[in-house]
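Me: I am new to this structure and would like to know what stands behind the words used for it. Could you take me through them?

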Amino acid sequence: MDAFDSVDDDLRNAAVAMGFKPLARFFQVDLPLSLPVLFAGLRVVSVSNISLVSVAALLGVGNLGILFTDGLQRTFVTEVVVGIIAILVLALVMDGILVVLERVLTPWTRASGTGGRLATQASVTEPKAGTAVVSRPEPGGVGMSNVFTDTVAWLADPLHWSGSGGIPVRLAEHLQYSGLVLLIAAAISIPVGLFIGHTGRGRVVAVALAGALRALPTLGLLVLFALLAGSGLMPPVWALVILTVPPLLAGTYAGISSVDRSVVDGARAMGMTELQILFKVEVPNGLQVMFGGIRTAVLQVIATVSVVAYLPLGGLGRYLFDGLVLQDFPRMLAGSFLIAALAIAVDLILAAVQRLALSPGLTLDSRGSHKATADSTATAPAGAAVQGGTP
């Protein structure tokens with residue numbers, strides 16, 4: 001939908017005025033002009049799926065993920081590294097094919113200087129799973145209706161809501177792990193994103209790095225850190241930090257970069273220092289785009305932090321791994337439901353925080369873009385304002 005929304009309404013109206021019928025307008029105007037955005041999303045999805053499909057090795061499905069499960073069982077680091085490199089190469093090859101295909105199908109973008117973009121939006125939530133388990137369940141004959149009924153009964157059982165292994169304790173552990181990952185990742189990526197967005201330096205490197213990190217398989221990275229650093233909480237935390245940096249970094253510098261340059265130039269002409277411009281003009285105007293990256297990163301972490309349960313640690317992922325080993329499908333489904341419910345609840349909270357955090361001067365025009373008023377009272381006469389751009 002974003003791809004087709006990106007087509008200028010003036011072009012659509014011009015096509016209608018020229019006598020284009022709806023079907024002809026779609027294939028000759030809307031679809032060609034939306035291809036760059038479509039390809040950007042397709043590249044993100046393809047890279048994410050290539051790294052995600054390795055998780056199927058947990059169920060005995062043959063793919064490159066087998067190198068991770070076998071490498072962990074045999075403590076063979078080289079096999080794990082080879083698997084990670086192979087997946088990275090495969091992701092890069094697929095991304096290269098899509099780039100070439102995009103350039104062939106959208107020749108006009110090269111003339112306008114808008115082609116060859118790397119996808120930087122963190123709008124794709126990657127629910128990646130964890131690493132290997134010792135036993136693999138055989139296909140069962142359990143009916144789906146019975147599984148759902150047993151899942152409801154499992155959740156309603158008071159025994160599962162008390163004790164050290166109860167849902168409240170696992171929920172608290174899950175939030176603790178997620179908070180630790182996000183805190184470390186934010187401390188790394190947000191300052192770097194602010195610097196890149198404000199100065200414009202290192203943007204190409206940042207985009208390339210974010211794309212490369214996105215292609216890293218969670219399963220392989222977790223196994224590698226566990227083999228190199230041993231058991232404990234921090235090895236999987238650092239693995240998840242590496243995977244959380246891309247959406248936070250991309251969202252931060254995209255938000256700052258989205259502010260209209262005339263707004264920044266006006267603030268600089270009023271005598272603002274670079275730090276004042278950054279925190280009083282660019283951050284308030286770009287906050288909505290930045291929140292998009294933050295919310296994506298939070299959802300990704302909540303979904304993937306369940307992998308720490310394999311080591312074994314706690315968290316809601318404990319129900320997934322225990323259920324997989326014991327072939328207790330209601331326990332697995334209940335764990336999945338709890339993780340999804342937690343992600344939705346946290347995202348709703350962040351949406352409310354986003355509404356409160358947005359500058360009062362940030363208004364929504366009829367096309368969904370933003371206009372902002374910067375707080376410049378420290379360096380300008382009363383009533384002076386800087387009109388914002390469209391993040």
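Reply: Gladly! Let's start with cavities: on a 1 Å grid over the protein atoms alone, a cavity is a set of points where a 1.4 Å probe fits but cannot get out, and its lining residues have an atom within 4 Å of a point. This is a predicted model, where local features need pLDDT of at least 70 and side-chain atom pairs count only at pLDDT 80 or more, while totals for chains, interfaces and linings use all residues. Residues are numbered from 1 along each chain as its sequence is written, and side-chain values use heavy atoms, with hydrogens and water left out.

Me: What makes a residue part of the lining of the second largest cavity, and which residues are they?
Reply: A lining residue has an atom within 4 Å of a cavity point. Here these are Ile190, Pro247, Leu248, Gly251, Thr252, Met290, Gly293 and Ile294. H11 gives the largest share, four residues.

Me: How do you know how the lining divides into nonpolar, polar and charged?
Reply: Ala, Val, Leu, Ile, Met, Phe, Trp, Tyr, Cys and Pro count as nonpolar, Asp, Glu, Lys and Arg as charged, and the others, Gly among them, as polar. The lining of the second largest cavity therefore has five nonpolar residues, three polar and no charged.

Me: Is Thr296 called buried or exposed, and why?
Reply: Buried means under 20% relative accessible area, exposed over 50%, and partly exposed in between (1.4 Å probe, protein chains only). Thr296 has 9%, so Thr296 is buried.

Me: What does H10 pack against?
Reply: Its buried residues, including Leu219 and Val223, pack against helix H4 (66-73), helix H5 (77-105) and H11. Contact here means heavy atoms within 4.5 Å. Leaving aside neighbours within four places in sequence, Phe68 is in contact with residues including Leu219, Gly220 and Val223. Just after H10, Gly230 takes a positive phi of about 85 degrees.

Methods: Helices (H or I, at least four residues) and strands (E, at least two) are DSSP runs, numbered from the N terminus. On a 1 Å grid over the protein atoms alone, a cavity is a set of points where a 1.4 Å probe fits but cannot get out, and a pocket is an open set with protein on both sides within 12 Å along at least five of seven lines; lining residues have an atom within 4 Å of a point.
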